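Thanks for making time this morning. I would like to walk you slowly through one interface and then the nonpolar cores.

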Amino acid sequence: MTYLAQFENVTKRFGDTSILHNFNFEVTSGEHVVLMGPSGSGKSTVLRILMTLEGIQDGVVYVEGEPLWHEYRNGVLKPAREAHLRRMRNGIGMLFQHFNLFPNMTVLRNVIEAPMNVQRLSRTEATERADELLERVGMSNKRDAYPLSLSGGQKQRVAIARAMAMRPKLLMFDEPTSALDPEMVGDILEVIKDLAQAYDLTMLIVTHEMGFAREVADRVCFFCDGQILEQGKPETIFTEPTEARTRQFLSRVTGAKKAKVGSEAQS
Amino acid sequence: MNWLNLLPALLRGAEVTAWITVASTIGGAFLSFAAGIGVRSRFRGFRWLAGLYIQIFRGTSLLVQLFWLYFALPIIGISLSPVVAGVLGLSLNIGAYGAEVVRGSLASVDTGQIEAATALNLSPLHTLWRVIMPQALVEMMPPFGNLVIQNLKDSSLVSLISLADLAFQADQLRNQTLETLPILTLTLLLYFAMALVLMVAMRFVERYARRVSGREAAR
Amino acid sequence: MLFGIHWNLASQWSFALSITPILLIGMKVTVEATVFGFLIAMSLGLVFALLRSMPLRAVSWPTAIFVEFVRDTPLLIQLYFLYYVLPNYGISLPALETGVITLGIQYSAYTSEVYRAGLEAVPFGQREAARALNLGSFRTYRDVIIPQAIPRIVPALANYLVSIIKDTPILSAITVLEMLGVGKIIGDRTFRYLIPLTLVGILFLILTVIAAWGVRFVERRMPRGGVALK
Ligand SMILES: Nc1ncnc2c1ncn2[C@@H]1O[C@H](COP(=O)(O)OP(=O)(O)OP(=O)(O)O)[C@@H](O)[C@H]1O
Ligand SMILES: [Mg+2]
């Protein structure tokens, strides 16, 4: 079978430091995968490679069986050119920690900009699609506002609608709630859960929210030093991790959570 | 001699100065964007050409450039009138400084904006004009404002290639009447007044730019 | 012939070669005007910055207006003003000196801004900390504020050195024989402008590249934390 996304012996270096080395990883169509692991372990890098924001030095990345960072020219696999990347990016969307809404556009304009200019939808079609999505994420009433006037949680909702408007097959989230105030986190996670149920989406999510991962994830991958140290169903990984590093990490995450909740209760 | 009698000639010069400043500011703005975008181009040829232009026109002196256009070019068969040489020289000069402003402001826009545009598969050109440029415009405005004032002051040098601007008229009058104090005081005041007008105008442009960039609520 | 040196019109190259020493004599004047203009700008700018920061409005306001006026009017007209008006009041200075002083005044308007911004950029907490330590205001400035402001001020000042170089040709308008003035005279006398003016351009490029390189050197050598005053 072909995977929706597949890393085959991928090596990624920044200068001399190797972040991924002979990295192998697959995502099946329709699967919801959560990536966890310590800071600097390369989780974002995996997402950014799939989003074509970072190139690779060795190996091949496949999306729907087709090389992402390479293309066949005269029957030979060569580094991809911009036109190939543009075609491959079509089915992929990504959400960022800091939302990255376009501040010079209204909420509606943020959502219709790409459907109109990339997928060549008419303004009416794009607006129809945008309104439906803004409704879904609960932002209809802000469609003419500028991002400047929105809270972090509201920005991330708009960003989700904006990504969904391109009808991606694969939607990736890079710590979508880590820049939010604690009381907003739950809301955004609800929105993502709703998407996961309502649409036929493949999701790749970097998050440290374990309760959320339990509910959404088909599989949790524990990342360490550019390798997947351990992976499996969330119940298995969270309750009986086999690796010491995983146990250590999980206890630190839950510990930090408790400490945070405790300090909030005090203040 | 009455100070008022000096005014008509000086005002005639001031009008020329105003036109020269406006024309060369427009020309300079065009060159600023061309070269400022050019140095960030994916194509090495563009980068090289834009870099060379900026280096040459920032590295040498405006008066040298004006003299070169006006006195040296005719020798290789290109004769420019004072107006053309003056406006061209000022545009080329201010454009090179403006290009640095454009380059810097484009670079100052958060890279997350480019990444988001890439994730939405917007084309590089679309990303530049509809996403990056509107945001960079705000950063450009204060330094551009300084450059416009600079351009007004620099425009006085076209008098040295015999263009009848305010500085030229002042020098003429001084030669004819020897009333140096009133002539030069009035001239300084006229330049100052024009600078103040430009500052107010730039204030409006700045506010407009803040709005299109989303830095300031539109309604 | 200029400065006792003859030019050789036999070929383009011999012409270029023969006038280079003449231009270098002009370059000496360019460099002198730059250096002395810069020194005046640095000291006068400090005076203006201090006057502007005076609590007494009768002092600070006129200074602010004067600085703004100088900044927004052309160097050329200021040059004419000092060169043609002052002699009527018994102050007659040679052209080069007039030019150097005008450069100094014009650029003091810019440098005063550099001093002001540099001092203001030192966090207010530093003043409060100094007060908490019961330092007097003189010692606060000497030991706390100024040492921290220097790394911001010096590179910004140095940048104006490069700008002054490029403004020196304006002095040729009052007959100072700096590099461009010399190149222009050679052109006037030989009716060949292309080579002297191109050479002048190249020499300016060399001067500014060297100066800009020096500025970067100074910038890199500036300790981030501050410079202690002995
Ligand atoms: N542009 C870059 N240049 C150099 N090194 C980089 C760059 N981007 C990332 N790195 C390095 O690559 C490593 C992996 O980064 P990555 O962002 O993928 O980690 P992460 O698992 O997402 O961590 P975090 O939880 O902090 O987001 C880190 O050590 C980081 O310092
Ligand atoms: Mg990350």
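I will begin with how the model was made and read, and then go to the contact between two chains.

This is a predicted model, in which local features need pLDDT of at least 70 and side-chain atom pairs count only at pLDDT 80 or more, while totals for chains, interfaces and linings use all residues. Residues are numbered from 1 along each chain as its sequence is written, chains are lettered from A and ligands numbered from 1 in the order in which they are written, and side-chain values use heavy atoms, with hydrogens and water left out.

The contact, meaning heavy atoms within 4.5 Å, takes 29 residues from chain A and 27 residues from chain B. Together these chains bury about 2,200 Å², 57% of it on carbon and sulfur atoms, where buried area is the accessible area (1.4 Å probe) that two parts lose on being put together, summed over both. Of the area that chain A buries against chain B, 24% is supplied by A:Arg86, A:Phe102 and A:Asn104, more than by any other three residues.

How many salt bridges are there between chain A and chain B? The count is one salt bridge, a term for a side-chain nitrogen of Lys or Arg within 4 Å of a carboxyl oxygen of Asp or Glu. B:Glu115 forms a salt bridge with A:Arg48, and their closest N and O atoms are 2.7 Å apart.

Turning to chain C, C:Leu23 touches C:Met179, C:Val182, C:Gly183, C:Ile186, C:Pro196, C:Leu199, C:Val200 and C:Leu203, leaving aside residues up to four places away in sequence. C:Leu23 is also, with C:Ile19 and C:Ile186, among those with the most contacts inside the largest nonpolar core, which has 96 residues. Such a core is a set of buried (under 20% relative accessible area, 1.4 Å probe, protein chains only) Ala, Val, Leu, Ile, Met, Phe, Trp, Tyr and Cys residues joined through side-chain atoms within 4.5 Å.

Key:
Buried < 20%, exposed > 50% of the residue type's maximum accessible area, 1.4 Å probe, protein only.
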